[in-house]
Amino acid sequence: MRLEDDIISIKGVGEKTAKDFGRLGISTVRDLVFYYPRSYKTYSEPVPVSSVAEGDRVAVFCKVVTYVESHKGRRYNITSLTASDDTGSIRMVWFNMPFLRSVFKKGESYVFYGVIKIKGSMRVMEMPEYFTQFKYQKALTTMQPIYPLKSGITNNSITRAVDAVKDVIFGIPEYLPENEMSDRGLMPRAEALMQIHFPQNEESLRAALKRIAFDEFLEFLIRIRSLRESTVTEENFHRITKEATQKKEGFIAGLGFELTDGQKSAIQDIESDMSSEHVMNRLVQGDVGSGKTVVAVIALLMNALSGHQGALMVPTEVLAVQHFEDISRYMKPYKLSVRLLTGSMSVKEKREVYQELKSGNCDIVIGTHAIIQEATQFNDLGLVVTDEQHRFGVKQRDSLSSKGHIPHVLIMSATPIPRTLAIILYADMDISVIKDMPAERKRIKNCVVGTEYRPSAYSFIKQQVKEGHQAYVICPMVEENDITEAENVISYSDELSKELGSGIRVSYLHGRMKEDEKKDILHSFIKREIDVLVSTTVIEVGINNPNATLMMIENAERFGLAQLHQLRGRVGRGDAQSYCIFINVKKSKESVERLKVLEESNDGFYIASEDLKLRGPGDFFGIRQSGDMDFKIADIYNYSDMLKLAQDVSLVYGKQFEGKIIL
């Protein structure tokens, strides 16, 4: 068997299973081998019920003390029982698992494993795993891979399929010389791939993840060095005119606010690039709320006034519509045509935009991935702006750039990457950094509190709504399955609605919703038809609501600092004072130390550097802030040492490894 073979060639994979695998993007053996687990489950020794605290993920050895109940709730069938040990009792709840009525018997003992919730005076575990004492002892010695799933495919299906192609994995060639691996402490590649799917222990898994992160960084650095060599001398066919730069000055003067020094410097860099002999390839890196969008608008204006078309691609339809409305207003005095292009538009609407782009009647198009579809053709694309670049892959950005004859490329990033790492990651680009914030922006006031502060936080939400503002409440994903994620948000939303009273409109948003549902909820929130939005991290990017002044983040200790900072950036976007409340459930010394960084600083670059220092070696899967590079494992916060090592190796071996790194 070879990496290129169809997935159906694997023993035990029939046509139906192959179709299910296809929905995960797995159609070949290669796809399967490089479909990594998203996390790993390990089990801990059972603890007394009396010792557990809200938010703990624990095992308890308890006797079932009630009969199993099963009834239909509003959304799910709910099965529950009460169990206890010598120190206390705990309620177990499952959704859509009515068959459990015949599994548990009153008087028998089991090990239950899950996350603790406190509801009133009762301890609760939702969707706990359950074991006999003997089976749990066996589970204590294992690390179970958890794969991203869709309905129709199970974790066990993927595990069995990977086990069936072990020989293929061991046959993957090693490109690094043996002395390089031993000198740099790198695990052999084939062994690393096996350990990622079937880890022996945490130490071997850590070594495997580091090796794969190294491979991904090295392949990326080799690729961008090659890209840099091919584009650095590309001729500029879309120079901006002196007339355009003069009109730009009038545009800035009419904005009604003073640009920051960082914005002025970035605009000067862009103007210089677009006026030079060579094509622009620039990254503008600025913290959340630093005013990058205005910089992008000015670049699009100068490009359009010089007779060229421009495109702005953003990650969500909601953000595309918001940008379209704002930029249309800015461009109206200059009689420039601005159009919107998104996936949800009708075929007729899209066809009209395609025609205008091809004929040159549209000066600026703003949209989502729909812009890079095959049907989109430009007359003279001179500038491509990609917003929130870490949400798009390299191939997607390249697809947009290829729509024109070597257009200028401007990437706007709010990802707070420390400059030393940004220079390595963006070696193919020039970098402008906007460090200062607009003068009219008020500093977000932060506080880190325990669960006992919740009633006060709810009162504060009421107060903000009474003053005409809106609020976000962020819930973490508490389990590995979608049902519990959704139920967590839905049940929290129900409870919050009761707490706040009927006069406050509460709605929710989570990952299981269809795209149209998400879009409708976000539109309603922006139109102030919703007062409080309870959500998972799906709102991390892609929404701008200046009227939202308060964010409360539950279980803040579960998030990385950089992600918390990105979430916090959804407030503080208007003139009113904004606030962020971090609920620290665990209150461990480590979580208090980490969250204190956010309480004391709103500087994303400082927070990112502190994140690098504070993340422990056991934090296997961090935030994919560098997802722009199509990385699966590598992330600059957990593996900054591998990034620097990959840079050293790329400088020594150059093109020698090009095409040899199998990813």
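Helices (H or I, at least four residues) and strands (E, at least two) are DSSP runs, numbered from the N terminus.

Entry 1, ground rules. I am working with a predicted model, in which local features need pLDDT of at least 70 and side-chain atom pairs count only at pLDDT 80 or more, while totals for chains, interfaces and linings use all residues. Residues are numbered from 1 along each chain as its sequence is written, and side-chain values use heavy atoms, with hydrogens and water left out.

I noted 22 helices and 22 strands in the protein. Of its 663 residues, 55% are buried (under 20% relative accessible area; exposed is over 50%, partly exposed in between; 1.4 Å probe, protein chains only). I took contact to mean heavy atoms within 4.5 Å. Among contacts between residues at least 6 apart in sequence, 73% join residues at least 24 apart.

I used axes fitted as lines to C-alpha atoms, for helices over the stretch in contact, with angles from 0 to 180 degrees between N-to-C directions. Within the pair I began with, M313 has G367 of strand 13 as its bridge partner.

I found a second open sheet, ordered 17-22-21-18-20-19 and paired in parallel. Strand 17 (445-449) and strand 19 (506-509) stand at the edges with a single partner strand each, so one side of each has no neighbour in the sheet. Strand 17 pairs with strand 22 (residues 579-583) over five bridges, in the parallel sense. K445 has Y579 in strand 22 as its bridge partner. Helix 16 (residues 454-466) lies across strands 18, 20, 21 and 22, at about 165° to strand 21. Helix 19 (residues 561-568) lies across strands 17, 18, 21 and 22, at about 150° to strand 21.

The largest core has 70 residues, and F21, L32, V33, I158, F214, F217 and L218 have the most contacts inside it. Helix 8 (residues 202-231) gives the most to this core, 12 residues. Leaving aside neighbours within four places in sequence, L218 is in contact with Y175, A646, V649, S650, F657 and I661. A second, separate core of 38 residues includes L255, I267, V294 and L301.

I took a pocket as an open set of points on a 1 Å grid over the protein atoms alone, where a 1.4 Å probe fits, with protein on both sides within 12 Å along at least five of seven lines; lining residues have an atom within 4 Å of a point. The second largest pocket is lined by 32 residues, of which T293, V294, R441, N544 and R573 are the closest to its centre. Helix 12 gives the most to this lining, with seven residues.

Terms used. A nonpolar core is a set of buried Ala, Val, Leu, Ile, Met, Phe, Trp, Tyr and Cys residues joined through side-chain atoms within 4.5 Å. Two strands pair if DSSP finds at least two bridges between them.
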